[in-house]
Amino acid sequence: MSNCPSKKRILVIDDSEAIHTDFKRILNPEQRRSRGDIDMLEEALFGPTQTRGNASAEPDFEVDSAFQGQEGVAKIRASMQNNQPYALVFLDYRMPPGWNGAETLRRLREVAPSLRVVLCSAYSDYSWAELVREFSDLQLLKELRKPFNGQEVRQLAIKLTGEDDDPSHAPT
């Protein structure tokens, strides 16, 4: 992990290593450019994307990983103590055997009450309405359903970290 101040720091809290790999590939242009054969296979399967070939003009993110809620909250606490806070967290709803996403979010809010969080899962033990009632601030809390679209993840990260300085990213 670099300490480059120009990069917005994002923490992914999820129990699946494959999900961490996906987020890093989506949010880190260097990893996306170095894929080669995977790029060609993805383009053959899904067609060309708008981001391909223009990655250098896009925001760059520093993506960090935590595999359980407790580890994630500890990393958030340490990042704040080191004056290198995260700008955004992608948080899984289910992470057995530890805290689930709701419990992690409760603990996270004690440490960093204004940190933006995107809750991610294919299913949830809580309805979105229940989470909104408990955590209330929709400016700080979003939901993303798995399987997610890479472009949707990237646009969420750009929007929620304030990296949307490029007019080509502006909503239509």
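Partly exposed here means a relative accessible area between the buried limit of under 20% and the exposed limit of over 50%. Lysine 7, at 23% relative accessibility, therefore counts as partly exposed. The model is predicted. The whole structure contains 9 salt bridges, and helix 5 and helix 6 are roughly parallel to each other.

**Salt bridge between aspartate 60 and lysine 7**

- Aspartate 60 and lysine 7 form a salt bridge through their side chains, with an N to O distance of 3.7 Å.
- This pair links distant parts of the chain, 53 residues apart.
- Aspartate 60 sits in the loop between helix 3 (37–46) and strand 2 (61–66), while lysine 7 sits in the segment before strand 1 (8–13).
- The relative accessible area of aspartate 60 is 25%, so aspartate 60 is partly exposed.

**Salt bridge between glutamate 62 and arginine 9**

- A salt bridge joins glutamate 62 to arginine 9, and their closest N and O atoms are 3.4 Å apart.
- Because glutamate 62 belongs to strand 2 and arginine 9 to strand 1, the pair ties together parts that are 53 residues apart in sequence.
- Glutamate 62 and arginine 9 are both buried, which means that each has a relative accessible area under 20%.

- In the salt bridge of glutamate 143 with arginine 145, the closest N and O atoms are 3.3 Å apart.
- Glutamate 143 has 26% relative accessibility and so counts as partly exposed.
- Arginine 145 is also partly exposed, at a relative accessible area of 41%.

**Packing of helix 5 and helix 6**

- Helix 5 spans residues 101–111 and helix 6 spans residues 128–135; their axes come within 12 Å.
- The two axes cross at roughly 15 degrees, and because angles under 35 degrees count as roughly parallel, helix 5 and helix 6 are described that way.
- The crossing of these two helices is right-handed.
- On the helix 5 side, the contact involves Ala102, Leu105, Arg106 and Arg109; on the helix 6 side, Leu131, Glu134 and Phe135 take part.
- By class, the residues of this contact are 4 nonpolar, no polar and 3 charged.

Note on methods
Residues are numbered from 1 along each chain as its sequence is written. This is a predicted model: local features need pLDDT of at least 70, side-chain atom pairs count only at pLDDT 80 or more; totals for chains, interfaces and linings use all residues. Side-chain values use heavy atoms; hydrogens and water are left out. A salt bridge is a side-chain nitrogen of Lys or Arg within 4 Å of a carboxyl oxygen of Asp or Glu. Helices (H or I, at least four residues) and strands (E, at least two) are DSSP runs, numbered from the N terminus. Buried means under 20% relative accessible area, exposed over 50%, partly exposed in between (1.4 Å probe, protein chains only). Axes are lines fitted to C-alpha atoms, for helices over the stretch in contact, and angles run from 0 to 180 degrees between N-to-C directions. Angles under 35 degrees count as roughly parallel, over 145 as roughly antiparallel, 65 to 115 as roughly perpendicular and the rest as oblique. A crossing is left-handed if the near helix is turned anticlockwise from the far one by less than a right angle, and right-handed if clockwise. Contact means heavy atoms within 4.5 Å. Ala, Val, Leu, Ile, Met, Phe, Trp, Tyr, Cys and Pro count as nonpolar, Asp, Glu, Lys and Arg as charged, and the others, Gly among them, as polar.
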